[in-house]
Amino acid sequence: MAVDLFLLCGFLGSGKTTLLVDYLRDPDSRDTGVIVNEAGEVGVDGAIVANESDNVPMTLMANGCVCCSLRSDLVYTLSALLDAPRPEGAGPLQRVILECSGLSRPGPIIASLADPELASRGLRLTVVCTDDCGRDPDALAEMDEAMAQFGAAHRIVLTKTDLLPPGGLEARAAHAVALNPLASVVADPDRQRAVQAAFSPSQGTADMAGLAARVLSAGGQGAAHPRIRVMAARARAGTSWTEFSEWLDNLAGLCGERLLRVKAVVRVSDCEEPILIQSVGSTFSVPQRLTRQPDAREAIIVIARDIDTEEIRASAPDSPVEMLA
């Protein structure tokens with residue numbers, strides 16, 4: 001049985017630990033394992049989680065940030081947690097939640113999951129990012145680590161919603177969608193429902209073509225923050241896989257850390273099925289042939305910071321990919 005792996009990220013003080021503790025208080029979460037990473041020798045968050053949750057297998061990774069110095073430790077820790085014997089009468093772990101430091105960038109963490117030891121386990125990854133409604137969203141968008149977390153998210157959970165003015169929840173949710181339309185947004189004022197939604201199993205592939213159409217109709221997404229761009233593109237007819245993969249390499253090289261997310265469904269001349277490509281930052285996952293979705297519509301979404309469509313176009317005027325907006 002495949003295990004769901006949730007990377008729980010969010011900027012400092014955004015409510016990650018509280019969200020995790022609230023989830024672990026539910027008896028139905030007993031088939032959950034937890035890894036808490038903190039950038040410091042004193043594991044405060046780990047102590048909070050341990051104090052509030054009974055019989056949950058938990059490992060504390062302290063004195064370092066899991067996105068850099070502790071990557072090899074993460075592989076060992078996660079493997080050990082998955083292989084640890086379960087209490088008598090308990091079923092196997094169904095999910096593991098890794099609570100990252102508030103300063104962690106998800107890209108390098110996801111890259112470490114490509115280690116053969118972990119890749120063979122077929123973990124289903126979901127990146128969950130907390131969005132602190134008590135913090136100015138424009139100020140948050142000025143912080144590199146926060147935007148890397150937002151861009152990586154499959155799911156954005158609004159926290160501290162009680163701090164919003166009347167009617168402000170919908171506007172805050174719309175702002176999150178504008179920053180990362182590839183993510184689903186949990187904007188439920190009912191805390192129990194929001195907690196359960198945060199760690200529910202991921203659903204299938206989004207309609208990329210429909211999403212691209214919405215990006216185009218929004219005029220390239222200048223509304224969320226002037227430094228964040230959500231851009232749509234498409235591969236030109238007759239493009240080969242080699243040509244497209246070279247374009248991805250060039251895009252990653254041009255943008256560097258400014259690249260927050262890429263998600264694409266493309267058709268290339270040397271493959272019968274459409275291909276799904278995903279990246280978090282400049283870390284790309286293994287391309288996936290959509291054999292069960294042969295009719296998937298193609299589109300490319302690029303989320304980046306401090307770079308726009310014209311700069312990408314100018315870098316490769318004869319590109320096999322057409323930037324639309």
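Strands β1 (residues 4–9) and β4 run parallel, with five bridges joining them. Keep in mind as you look that this is a predicted model. For a landmark in that pairing, find Leu7, which stands opposite Leu98 in β4. Strand β4 has another partner too: β2 (residues 32–37) is joined to β4 by five bridges, and these strands also run parallel. Here the landmark is Gly33, opposite Val96 in β4.

How many of the residues in β4 (residues 95–99) are buried? Five of its five, so the strand counts as mostly covered. Follow the side chains along β4 and you'll see Arg95, Ile97 and Glu99 pointing one way, with Val96 and Leu98 pointing the other way. Both sets are buried, and that includes the arginine and the glutamate.

Val96 leads us on to the nonpolar core. The largest one has 48 residues, and Val96 is among those touching the most other members, along with Leu78, Met147 and Ile301. Helix α3 (residues 71–83) gives the most to this core, with five residues. Take a closer look at Leu78: leaving aside residues up to four places away in sequence, Leu78 touches Leu5, Ile35, Val96, Leu113, Leu118 and Leu123. In soluble globular proteins, nonpolar side chains tend to be buried together. There's also a second, separate core, made of 24 residues, including Ala233, Leu248, Ala264 and Ile275.

Which of its residues are buried? Look for Ala194, Val195 and Ala198. They sit on the same side of α9, because the arc they cover around the axis is only 100°. An α-helix has 3.6 residues a turn, so residues three or four places apart point the same way. The cover over the buried residues of α9 includes β1, where we started, as well as α1 (16–24), β5 (124–132), β6 (155–159) and β7 (184–186). At the N-terminal end of α9 there's a cap: a side-chain oxygen of Asp190 lies 3.1 Å from the backbone nitrogen of Gln192.

Finally, zoom out to the whole protein chain, which has 12 helices and 14 strands. Of its 325 residues, 50% are buried. Among contacts with a separation of 6 or more, 76% are between residues 24 or more positions apart.

Conventions
Residues are numbered from 1 along each chain as its sequence is written. This is a predicted model: local features need pLDDT of at least 70, side-chain atom pairs count only at pLDDT 80 or more; totals for chains, interfaces and linings use all residues. Side-chain values use heavy atoms; hydrogens and water are left out. A nonpolar core is a set of buried Ala, Val, Leu, Ile, Met, Phe, Trp, Tyr and Cys residues joined through side-chain atoms within 4.5 Å. Buried means under 20% relative accessible area, exposed over 50%, partly exposed in between (1.4 Å probe, protein chains only). Helices (H or I, at least four residues) and strands (E, at least two) are DSSP runs, numbered from the N terminus. Contact means heavy atoms within 4.5 Å. Two strands pair if DSSP finds at least two bridges between them. The arc is that of the directions from the helix axis to the C-beta atoms. A polar contact is a pair of N or O atoms within 3.5 Å; within protein, one must be able to donate a hydrogen and the other to accept it, and residues adjacent in sequence count only if both atoms are side-chain atoms.
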